[in-house]
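Work through the exercises below with the sequence and the model side by side. Try each task before reading its solution.

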Amino acid sequence: MKKPWRITIDTNPDQCNLNCIMCDTHSIYNKKPLEHRKAMKKKLLIKSIDQALSIGIKEIIPSTMGEPLMYQFFDIFLDKTINSKTKLNLTTNGTFPIYGVEKWAKKLLPVLSDIKISINSLKDDVNKRIMINDNTFDKIENIKKFVQLRDLYYPEVSITLQVTFLESNLSELEEIILFAIKYKINRVKGHQLWVTFDEIKNESLQKNKNSIIKWNDFIDTIEKYRNKIELSNFKKIKFKDEISEIKNDCPFLGEELWIDQEGTFNICCAPSNKRVSLGEWGNIQTKSIESIFNSLEYQNILQTYKQQDICKECSLR
């Protein structure tokens with residue numbers, strides 16, 4: 001039986017204390033917010049985690065939509081994984097709400113494989129224009145403290161700084177890399193922008209040839225750091241006229257699966273209004289994780305996804 005090695009459980013997509021411009025839900029440019037989605041019920045979370053543990057999933061990612069540390073039942077993730085071989089791979093906006101960084105670190109470090117902390121500049125004015133309502137000074141101190149506690153007690157846990165590649169922070173990325181090297185952070189990971197609103201079209205580094213050249217030149221300048229830190233997705237972009245077909249494989253299909261707050265399966269992490277084109281995949285209340293991966297429909301999409309429009313324009317490939 002085939003199975004994913006990692007699943008994401010999106011427990012609380014509508015709970016966040018920031019309004020990042022690129023977020024398809026919480027962005028200040030989202031003029032038509034989705035109808036409020038209730039957070040995942042406790043019983044459904046337990047069912048999802050128990051099923052993942054029963055088939056030996058290596059990693060669980062708590063919600064990447066919304067801020068996972070604001071979820072009412074987050075401690076269930078901790079209680080369920082503490083005595084298992086399954087680890088948590090956490091993405092957080094770095095504000096460490098409710099408990100603060102020290103208490104969260106003590107809770108999280110025993111069960112983490114990696115924590116990705118989102119930051120888009122070390123300069124407060126730049127970062128706050130991207131991550132609206134953030135406090136960059138506090139975030140930097142939170143990162144330093146989390147690293148200190150990791151080094152003392154769980155040095156095997158990986159720490160990642162996560163960025164979105166934008167026109168407005170391109171000149172800031174080298175400083176983030178140097179900060180990460182200085183404080184012995186394991187990697188810096190980034191993604192090219194999914195353009196979800198017209199207001200952020202100009203932020204895309206793939207919007208025209210000049211932007212692509214600027215990005216590719218930047219990649220040349222940071223090659224010297226690759227022997228000091230892992231730089232994930234810091235890769236040159238090809239011009240459209242150089243691409244005749246999709247050659248590189250999807251990093252997610254056949255590998256990962258997503259479960260939303262109602263238990264519905266998704267096979268892709270693209271914005272919700274785009275991934276619906278890949279079909280409906282059922283709900284964990286009536287179907288199992290393994291049944292998705294071993295269905296004829298899923299095997300078919302593994303063979304044909306490169307012809308899908310969403311896959312042709314994917315910025316995460």
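Helices (H or I, at least four residues) and strands (E, at least two) are DSSP runs, numbered from the N terminus. The model is a predicted one, in which local features need pLDDT of at least 70 and side-chain atom pairs count only at pLDDT 80 or more, while totals for chains, interfaces and linings use all residues. Residues are numbered from 1 along each chain as its sequence is written, and side-chain values use heavy atoms, with hydrogens and water left out.

**Exercise 1. Strand E10**

Task: Which strands pair with E10, and in which sense?

Solution: 
- Step 1. Strand E1 (residues 6-9) pairs with E10 in the parallel sense over four bridges. Here Ile-9 has Ile-259 as its partner.
- Step 2. Strand E11 (residues 265-266) runs antiparallel to E10, with two bridges between them. Ile-259 is bridged to Phe-265 in E11.
- Step 3. E10 and E11 form a hairpin with five residues between them, and Gly-263 in the turn has a positive phi of about 95°.
- Step 4. Both faces of E10 (residues 256-259) are covered: Glu-256 and Trp-258 are buried on one side, Leu-257 and Ile-259 on the other.

**Exercise 2. One face of a helix**

Task: Which residues of helix H3 are buried, and what covers them?

Solution: 
- Step 1. In helix H3 (residues 101-108) the buried residues are Val-101, Trp-104, Ala-105 and Leu-108.
- Step 2. Viewed down the axis of H3, these residues fall within an arc of 105°, so they line one face of the helix. The arc is that of the directions from the helix axis to the C-beta atoms.
- Step 3. The general rule is that an α-helix has 3.6 residues a turn, so residues three or four places apart point the same way.
- Step 4. The cover includes helix H2 (75-81), strand E4 (87-92), strand E5 (112-118) and helix H5 (136-153). Contact here means heavy atoms within 4.5 Å.
- Step 5. Leu-149 lies in helix H5. Leaving aside neighbours within four places in sequence, Leu-149 is in contact with Glu-102, Ala-105, Leu-109 and Tyr-154.

**Exercise 3. Ring pairs**

Task: Classify the pair Phe-165 and Trp-215, then the pair Trp-281 and Tyr-298.

Solution: 
- Step 1. Rings of Phe, Tyr and Trp (its six-membered ring) pair if their centres lie within 6.5 Å; planes under 30 degrees apart count as stacked, over 60 as edge-to-face and the rest as tilted. The structure holds 14 aromatic pairs.
- Step 2. Phe-165 and Trp-215 are 4.5 Å apart, centre to centre, with 45° between the planes, and the pair is tilted.
- Step 3. Phe-165 is in strand E7 (residues 158-165) and Trp-215 in helix H7 (residues 209-222), so that pair links parts of the chain 50 residues apart.- Step 4. The centres of Trp-281 and Tyr-298 are 5.9 Å apart and the planes are at 85°, so this pair is edge-to-face.
- Step 4. Trp-281 is buried, with a relative accessible area of 8%, and Tyr-298 is buried at 0%.

Definitions and conventions
Buried < 20%, exposed > 50% of the residue type's maximum accessible area, 1.4 Å probe, protein only. Pairing = 2+ DSSP bridges.
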